Amino acid sequence: MGGFVSGILDDFVRHWPLYVSIPIVAALIGYGTKLVAIRMMFQPVEFIGVKPFLGWQGIVPKRAARMASIACDTMTEQLIKPAEVVARLDADRIAKEIEKPLLAAVEDIVREVAGHYQPGLWESLPVGVQRLVIQRVQAESPHMVKAVLELIQSDVDSVFDLKGMVVTSLVKDKRLLNRIFQEAGAEEFKFIARSGLVFGGLIGVIQMVAWVLFKFPPIMPLFGLFTGWFTDWLALRMIFYPLEPKKYFGVTWQGLFLKRRAEVAEAYGELIAKEIITPHNVIEAVLQGPLSDRVLALIQRQLDRELGRAANVAKPLLVFAIGSRRYQDMKLAISEQIMTRLPDTMRYIEDYATDAMDIRNVLVGKMKELSPEEFEQLLRPAFQQDEWILIATGAVLGFAVGEAQVLVLEHLAT
């Protein structure tokens with residue numbers, strides 16, 4: 001027995017730099033496999049390789065539609081409702097803000113539409129009559145915009161698909177979808193890599209002792225496989241669990257993501273407010289989105305109501321000259337032109353709307369009220385999709401490095 005121990009000690013003394021390298025390499029396996037796993041979650045944004053046999057696309061961009069839908073479900077069901085987005089806007093203030101650009105646009109619209117429907121008549125009308133027509137539409141346009149906005153606010157779900165807007169934005173811009181998960185989980189991804197270094201090194205110490213004692217070649221690749229698999233699995237568990245603080249061997253631990261909820265809420269709210277639920281995107285979704293035909297109908301109905309309040313010299317003349325049917329078509333054309341130009345006109349209210357809607361603070365406040373289970377779902381979907389692939393990749397890489405270690409050890413320790 002004494003000779004066996006003496007032989008092991010002599011072997012260790014002669015080759016200690018080689019043996020000490022075992023836990024170092026194990027730590028690097030743990031660290032490297034985590035970096036690869038994190039990169040595989042988000043890169044490449046588009047598929048690279050030969051479909052369907054060989055290649056890879058980042059898990060998050062690959063599942064963009066599902067990821068965006070899950071993220072949006074949490075956002076729209078627990079954090080913010082469509083009505084909350086537009087309810088804070090004051091219709092009077094908006095009408096006042098866009099009055100000047102709207103009046104200029106209306107004059108162009110009326111001249112263009114009237115000239116198109118009855119070019120000869122429009123040019124032959126006295127300038128004063130032309131001006132009456134233009135002024136009539138101009139006078140009613142701010143009231144019309146205010147009335148339409150109030151109608152939208154009274155039944156926002158019928159004209160504004162918030163979830164559709166968010167999902168469309170994220171699927172169209174996969175890099176933005178990546179950013180949501182990367183910025184919300186920035187510290188968690190750093191923790192994954194660092195934990196791989198620590199846990200890999202600790203497992204490597206056991207691996208070194210096993211090799212020094214037994215010199216059994218399969219030890220190295222098997223330990224490498226275990227290091228890659230276990231450190232991936234453990235890091236993911238430590239990020240999300242436990243949901244509430246618990247003591248383990250005298251040490252209190254809570255899932256890192258849950259522990260950082262206040263910080264995450266700030267970063268998440270800031271990104272969503274700046275990149276997704278912006279006044280520009282909301283206005284575009286209402287005026288040009290899948291429900292925009294309903295907004296057009298509101299504008300057409302309101303225009304008809306405003307112009308029909310009182311007969312003036314222009315209306316009877318135009319109806320007589322071009323016919324009732326063409327007059328109706330002309331009103332529809334004016335409504336469509338107003339609808340087309342409103343996005344540019346509404347740019348003038350974006351600064352006001354940003355302050356009024358206050359999306360960032362609404363989101364941050366609501367996120368801090370989420371239960372731990374609900375909060376977990378902000379980031380968890382990024383890991384749940386094909387999570388096994390990430391863990392398996394770590395195991396395979398660890399196994400391959402372990403095989404290489406065997407060759408080096410057998411070559412240099414002889």
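Me: What is the relative accessible area of Ala267?

Reply: Start with the classes: buried means under 20% relative accessible area, exposed means over 50%, and partly exposed lies in between (1.4 Å probe, protein chains only). Ala267 has 29%, so it is partly exposed. This is a predicted model: local features need pLDDT of at least 70, side-chain atom pairs count only at pLDDT 80 or more, and totals for chains, interfaces and linings use all residues. Residues are numbered from 1 along each chain as its sequence is written, and side-chain values use heavy atoms, leaving out hydrogens and water.

Me: Where is Ala267 placed?

Reply: Helices (H or I, at least four residues) and strands (E, at least two) are DSSP runs, numbered from the N terminus. Ala267 belongs to helix α14. Its C-alpha is 9.9 Å from that of Ala186, 81 residues away in sequence.

Me: How many helices and strands does the protein chain have?

Reply: It has 23 helices and four strands. The chain runs to 414 residues, and 50% of them count as buried.

Me: What share of the contacts joins residues at least 24 apart?

Reply: Contact means heavy atoms within 4.5 Å. Take contacts between residues at least 6 apart in sequence: 80% join residues at least 24 apart.

Me: At what angle do α10 and α14 pack?

Reply: Axes are lines fitted to C-alpha atoms, for helices over the stretch in contact, and angles run from 0 to 180 degrees between N-to-C directions. Under 35 degrees is roughly parallel, over 145 roughly antiparallel, 65 to 115 roughly perpendicular, and the rest oblique. Here the angle is about 160°, with the axes of α10 and α14 9 Å apart. The pair is therefore roughly antiparallel.

Me: Which residues of α10 and α14 meet?

Reply: From α10 come Leu176, Arg179, Ile180, Glu183 and Ala184; from α14 come Val264, Ala267, Tyr268, Leu271, Ile272 and Glu275. For classes, Ala, Val, Leu, Ile, Met, Phe, Trp, Tyr, Cys and Pro count as nonpolar, Asp, Glu, Lys and Arg as charged, and the others, Gly among them, as polar. The contact of α10 with α14 has eight nonpolar, no polar and three charged residues.

Me: Is the crossing of α10 and α14 right-handed or left-handed?

Reply: A crossing is left-handed if the near helix is turned anticlockwise from the far one by less than a right angle, and right-handed if clockwise. α10 passes α14 in a right-handed crossing. By contrast, α3 passes α10 in a left-handed one.

Me: At what angle do the axes of α3 and α10 cross?

Reply: α3 (residues 64-79) and α10 (residues 174-184) cross at roughly 50°, their axes coming within 11 Å. That makes α3 oblique to α10. Ala64, Met67 and Ala68 of α3 meet Lys174, Leu177 and Phe181 of α10. This contact counts five nonpolar, no polar and one charged residues.

Me: How far apart are the axes of α10 and α11?

Reply: They are 4 Å apart, and α10 packs on α11 (residues 186-214) at about 70°. That makes the two roughly perpendicular. Phe181, Gln182, Glu183 and Ala184 of α10 touch Ala186, Glu188 and Phe189 of α11.

Me: Which residues of α20 are buried?

Reply: They are Ile359, Val362, Leu363, Val364 and Met367. Their cover includes α3, α4 (82-87), α14, α19 (350-357) and α21 (372-376). Take Ile359, in α20 (residues 359-368). With a relative accessible area of 5%, Ile359 is buried. Neighbours within four places aside, Ile359 contacts Ile80, Val85, Ala273 and Ile277.

Me: What is the phi of Asp358?

Reply: Most residues other than glycine have a negative phi, and most peptide bonds are trans. Asp358 is not a glycine, yet its phi is positive, about 50°. Asp358 sits in the loop between α19 and α20. At 26%, Asp358 is partly exposed.

Me: Which residues does a cis peptide bond join?

Reply: Gln43 and Pro44, with omega about -10°. Pro44 lies in the loop between α1 (2-42) and β1 (48-50).

Me: Where is Thr278 found?

Reply: Thr278 is in the loop between α14 (261-275) and α15 (279-288). At 12% relative accessibility, Thr278 counts as buried. Apart from neighbours within four places in sequence, Thr278 is in contact with Ala273 and Met357.
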